[in-house]
Amino acid sequence: TEDLYFDWFSDNIEARGGLQIFSWKTVESYSNVDFLNQTDTERDLFDPEKIAELALRLRFLLPTENEQYLEVYFFPRFTTSRLPGAGNRNNLFPNDYYAAGSDSDFSGLGISSDYTVQMEISNNRDWMLYGSDKERSRPQFAVRYQTIIFDETDLSFFYFDGYERKPQLVMKKDSSILPVSSGGDNRLYMIHKYNPAKKAGFTFQGVYESLLYKGEMLYHEYE
């Protein structure tokens with residue numbers, strides 16, 4: 001999706017609010033630090049597009065000799081993902097599973113043996129689980145400090161407190177979600193669960209003579 005935002009700025013402060021797409025990465029390949037935006041893996045599992053996030057970003061230009069910035073991010077509402085389900089060419093559970101014997105993987109869900117079970121991804125928001133009682137309304141924050149060292153190296157440090165963007169998949173035993181019986185619907189729905197996460201790290205990139213160097217480091221803690 002495209003971003004759509006409003007800007008206000010003075011000599012030392014910039015405020016930007018609206019739907020925004022962010023990028024903290026320095027490497028061209030897959031980046032662990034490029035996590036602020038949710039992605040749409042339903043359309044493309046291997047190279048998903050970012051989903052614009054409703055956010056407020058404040059950027060402060062610090063009054064120092066070298067150029068230094070402090071950015072503060074606020075996300076008022078969490079954006080859920082969409083995973084490829086039934087009918088999608090990247091469906092994660094394309095096959096039926098045969099539940100045979102009392103020690104089958106599905107016996108704990110009240111499914112008897114000797115018949116097949118279909119597992120399916122559900123993107124139903126009403127069924128999604130969260131690691132906070134505020135659910136999607138749990139506020140999320142991030143701060144980022146950027147500077148230049150050795151004249152030619154961009155360096156940034158960041159901290160994030162919010163939800164893990166990638167959902168955990170959960171088979172919920174609730175009969176209203178999982179209508180399972182030996183004579184009826186043997187479909188199990190894998191539903192999303194979003195856990196709180198804290199992330200911190202740094203990025204750098206610069207040039208030394210004809211050599212381009214860059215890198216990233218991430219500490220990731222989640223429930």
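**Close-up views of a predicted model**

View 1. The phi angle of Phe-150 is near 55 degrees, which is a positive value in a residue other than glycine. Most residues other than glycine have a negative phi.

**View 2. Glu-209 in the loop between E14 and E15.** Glu-209 is placed in the loop between E14 and E15, and its phi is likewise near 55 degrees, positive although the residue is not glycine. With a relative accessibility of 68%, Glu-209 counts as exposed.

View 3. Glu-164 sits in the loop between E11 and strand E12 (168–171). Its relative accessible area is 13%, so Glu-164 is classed as buried, the limit for that class being under 20%. The side chain of Glu-164 makes a polar contact, at 2.6 Å, with the side chain of His-220.

**View 4. The open sheet of eight strands.** The strands of this open sheet follow the order E1-E2-E5-E6-E10-E11-E14-E15, and their pairing is antiparallel. Strand E1 (4–9) and E15 stand at the edges with a single partner strand each, so that one side of each of these two strands has no neighbour in the sheet. On average, and with direction ignored, neighbouring strands of this sheet are turned by 10 degrees against each other.

View 5. Strands of a sheet pair through backbone hydrogen bonds, in either a parallel or an antiparallel sense. Strand E2 (residues 13–20) pairs with strand E5 (residues 53–61) in the antiparallel sense over eight bridges, and here Ile-13 has Phe-60 in E5 as its bridge partner. E5 in turn pairs with strand E6 (residues 69–75), again in the antiparallel sense, over six bridges, with Val-72 in E6 as the bridge partner of Leu-58. Between E6 and E10 the antiparallel pairing extends over seven bridges, and Val-72 stands opposite Val-143 in E10.

**View 6. The largest pocket and its lining.** The largest pocket has a volume of about 610 Å³. Its lining is formed by 25 residues, of which Tyr-30, Ser-31, Asp-34, Thr-39 and Lys-166 lie nearest the centre of the pocket. Strand E3 (38–40) and strand E15 (211–222) each contribute at least two residues to this lining. By residue class, the lining of the largest pocket comprises eight nonpolar, nine polar and eight charged residues.

**View 7. The second largest pocket and its lining.** The second largest pocket holds about 210 Å³ of space, and of the 16 residues that line this pocket, Arg-144, Gln-146, Asp-154, Leu-155 and Ser-156 are the closest to its centre. Strand E10 (140–149), strand E11 (153–163) and strand E14 (196–208) each provide at least two residues of the lining, and the largest share, four residues, comes from E10. The lining of the second largest pocket divides into four nonpolar, seven polar and five charged residues.

Key. Residues numbered from 1 in each chain as written. Predicted model: local features only at pLDDT ≥ 70, side-chain atom pairs only at ≥ 80, totals over all residues. Heavy atoms only, no water. 1 Å grid on protein atoms, 1.4 Å probe; cavity = no way out; pocket = protein on both sides within 12 Å on 5 of 7 lines; lining within 4 Å. Points joined across faces, edges and corners; volume = space filled by probe spheres on them. Nonpolar A, V, L, I, M, F, W, Y, C, P; charged D, E, K, R; others polar. Pairing = 2+ DSSP bridges. Axes fitted to C-alpha atoms, helices over the stretch in contact; angles between N-to-C directions. Buried < 20%, exposed > 50% of the residue type's maximum accessible area, 1.4 Å probe, protein only. Polar contact = N/O pair within 3.5 Å; in protein donor to acceptor, adjacent residues only side chain to side chain.
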